[in-house]
Amino acid sequence: FHSYNWPDTGNYTITLSIVDDNGCEDDTTASIYWRPQPVFPIGLVNSRACVPLVVPAADPNPYPGNGYTTNWTFGDGRTSTEAAPQIIYENPGIYTVQVVVRSPIGCIDTFSSTHTALEVPIAGFSFSPNGTDLNIYNSTVQFSDSSQRAGLWIWNFGDGNAATQRNPRHVFRDTGQITVTQVVFHQNGCTDTAQAVLDIIPKFSYFLPNAFTPNNDGKNDEYMGAGYFQYIQNFNMSIYNRWGERIYENNSPYEAWNGRKFNTGEYCQAGVYVVVVRFKGPRGEIEEIKGFATIVY
């Protein structure tokens, strides 16, 4: 017996010559239509990953020549006759992919692979305070986990700080919008991510006194507003006498009126003066505060 593999698909003629001991010779010939056995599709290998699991695609042209047919089953009720169908598993489970390959002359071979689609967790959380209650004066935030199927939590607070508690509490030291990220891990290693944008509102306060005594006794000698000025912009204070004449002006909430005209002239008379303060708030809002400054000697 003799075996031989032809390199290419096609028709081949085999000639057998026989010579006996007397030198007599005879020949016989036969025609063979040769097609190779189906080969294993490239890429049809076992896999294990989180859902949605995309099975590595098979080579769409793994067979020599034309005329091959494929019949796929995916282990979840789906089938296909495409050469290299796309396979995506949306639900967790273990699935067997099988393809039956038939050659043009009826040769059949079967290939299979196993694919494990892993369950994933679902990230999610809430936080308090929120809305207008979340501001620079009230910036300690309690986070409450609402994830599902999670066994490990990693939090990124967007300000360089992180935590691994399930329900962490964090103090934000600055104002503005900041993105908080929660990454949760299933015990099988699959992950999911949730994010929320927190807006820490930059609050301010400004109050005007109603009287002062500029007599240089070291007590209540100057007139200026009080409060929290850090986020105030474009500040202006103007003070007018009873005839509407402006007698004092400054552009800083930290500057004070000493009772003199523009802080350098003669002391103003005892009495009531009109105060108008205008400034821009931290979010661009225009504020105007009016009051009265009473000089008492």
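Which residue takes a positive phi in the hairpin of S8 and S9? In this predicted model, the residue in question is Gly106, whose phi lies near 95°. The hairpin has five residues between its strands. This briefing covers the strand pairing around that hairpin and then the cysteines.

**Strand pairing**

- Strand S8 spans residues 93-102 and pairs in the antiparallel sense with strand S5, residues 69-73, over five bridges.
- Within that pairing, Arg102 of S8 stands opposite Thr69.
- S8 also pairs with strand S9, residues 108-118, again in the antiparallel sense, through ten bridges.
- Val101 has Asp109 in S9 as its bridge partner.

**The disulfide**

- One disulfide is found in a search of the whole structure.
- The disulfide joins Cys50 and Cys190, with the sulfur atoms 2.0 Å apart.
- Distant parts of the chain are linked by this pair: Cys50 belongs to strand S3 (47-50), whereas Cys190 sits in the loop between strand S15 (176-185) and strand S16 (191-200), 140 residues apart.
- The torsion about the S-S bond of Cys50 and Cys190 is about -105°, and the disulfide is therefore left-handed.

**Accessibility of cysteines**

- Cys190 has a relative accessible area of 0% and is therefore buried, the cut-off being under 20%.
- Its disulfide partner, Cys50, is partly exposed at 29% relative accessibility.
- Cys24 has a relative accessibility of 48%, so it counts as partly exposed.
- Cys107, at 25% relative accessibility, likewise counts as partly exposed.

Note on methods:
Residues numbered from 1 in each chain as written. Predicted model: local features only at pLDDT ≥ 70, side-chain atom pairs only at ≥ 80, totals over all residues. Heavy atoms only, no water. Pairing = 2+ DSSP bridges. Helix = DSSP H or I, 4+ residues; strand = E, 2+ residues; numbered from the N terminus. Disulfide = S-S within 2.5 Å. Buried < 20%, exposed > 50% of the residue type's maximum accessible area, 1.4 Å probe, protein only.
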